[in-house]
There are 2 protein chains.
Amino acid sequence: MSTHPILASAAETDAFSADCPTREILDRLGSKWVSLIIVALADRPHYFGELLRRIEGVSKKMLVQSLRILESYGIIDREPKKVGAVVKVCYRLTEQGKSLVEPLFAVYAWAQQNTDTMLSSQEVYNRTVSRRATHP
Amino acid sequence: MSTHPILASAAETDAFSADCPTREILDRLGSKWVSLIIVALADRPHYFGELLRRIEGVSKKMLVQSLRILESYGIIDREPKKVGAVVKVCYRLTEQGKSLVEPLFAVYAWAQQNTDTMLSSQEVYNRTVSRRATHP
DNA sequence: CGGTATCCAATAAGATACTG
DNA sequence: CAGTATCTTATTGGATACCG
């Protein structure tokens with residue numbers, strides 16, 4: 001009855017276990033800035049400053065932190081380069097990082113396609129104060 | 001030079017914009033418990049108590065909160081059912097929710113396949129105290 | 001430019017107790 | 001069983017200032 005073989009693995013994943021290391025990885029990948037960085041670098045390599053400007057709302061602190069996580073996992077490479085007079089630091093996806101792009105983008109594409117539906121569903125839901133309706 | 005058409009969209013996504021609604025959706029989907037719930041429900045519908053026991057480490061509070069988010073988005077359905085003497089609440093994916101399973105699972109599969117590599121890469125990285133090495 | 005360091009506010013989340 | 005309510009702690013993250 002399962003429509004897709006991939007569903008079968010849901011029963012077998014060990015991600016439900018509290019000490020499953022994959023869980024921590026997923027947690028980090030799911031983090032706001034980390035995934036945006038990967039999407040940006042999927043486009044092309046970026047200098048630090050470029051990322052800072054391109055990813056609206058990210059602070060220097062969070063950008064550095066997220067980049068370090070990705071670097072430690074071997075998902076991105078960090079390369080300081082002389083550009084004119086100054087040294088800039090260029091970040092790019094490793095081969096491993098590139099292999100993450102397709103699955104990650106599938107989720108992005110889904111989210112973009114379903115955002116409108118979900119937001120209007122949410123509005124309806126919020127007006128339906130059936131449960132939990134005490135007073136403001 | 002782009003190896004895959006999907007990469008092209010990276011340049012065009014509006015997710016970099018701070019007020020992009022898709023960003024918030026992605027944020028929520030990326031959250032620890034939300035994604036684990038979807039994976040569990042991809043397997044089969046679950047009662048609340050089943051989810052609580054299956055997803056190790058989740059608290060009642062976080063489980064309820066995450067389920068409400070998914071329900072409000074129309075990703076899951078909530079159905080109270082008489083089971084013997086008591087009423088249990090059954091959660092299952094909606095059709096929309098089911099459409100999320102495949103992309104989400106692609107990321108899960110990637111993470112599971114790459115966990116070992118990433119963890120050992122991280123160990124090496126942590127021993128390399130080249131940058132930022134002040135004292136404990 | 002590409003970071004670090006520090007401080008502080010906001011938020012998330014665990015524990016616990018209670019309810020229909 | 002499936003929540004709600006409340007309190008408290010832990011973690012996150014933004015602002016700011018400074019450094020090589």
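**View 1. Salt bridges in the predicted model.** Over all chains, this predicted model holds 12 salt bridges, each a side-chain nitrogen of Lys or Arg within 4 Å of a carboxyl oxygen of Asp or Glu. A:Arg28 pairs up with A:Glu24 at 3.1 Å, N to O. Both sit in helix 2 of chain A (residues 21-30), 4 residues apart, or about one turn of the helix; helices here are DSSP runs of H or I with at least four residues, strands are runs of E with at least two, and both are numbered from the N terminus. A:Arg28 is partly exposed at 31% relative accessibility, and so is A:Glu24 at 39% (buried is under 20% relative accessible area, exposed over 50%, partly exposed in between; 1.4 Å probe, protein chains only).

**View 2. A salt bridge between two strands of chain A.** Here A:Glu79 meets A:Arg92 at 3.6 Å, N to O. The pair links distant parts of the chain, with A:Glu79 in strand 2 (residues 76-83) and A:Arg92 in strand 3, 13 residues apart. A:Glu79 is partly exposed at 35%, and A:Arg92 is partly exposed at 31%.

**View 3. Where chain B meets chain A.** On chain B, 60 residues touch 60 residues of chain A (contact means heavy atoms within 4.5 Å). About 5700 Å² is buried between the two chains, 65% of it from carbon and sulfur atoms; buried area is the accessible area (1.4 Å probe) that two parts lose on being put together, summed over both. B:Phe16, B:Trp110 and B:Met118 lose the most area in chain B, together 13% of what that side buries.

**View 4. The protein around DNA strand C.** A backbone N or O atom of A:Gly49 lies 2.8 Å from a phosphate oxygen, while the side chain of A:Arg68 places an N or O atom 3.0 Å from a phosphate oxygen. For A:Lys60, a side-chain N or O atom is 3.0 Å from a base nitrogen.

**Notes.** Residues are numbered from 1 along each chain as its sequence is written, with chains lettered from A and ligands numbered from 1 in the order written. Local features need pLDDT of at least 70 and side-chain atom pairs count only at pLDDT 80 or more, whereas totals for chains, interfaces and linings use all residues; side-chain values use heavy atoms, leaving out hydrogens and water.

Definitions and conventions. A polar contact is a pair of N or O atoms within 3.5 Å; within protein, one must be able to donate a hydrogen and the other to accept it, and residues adjacent in sequence count only if both atoms are side-chain atoms.
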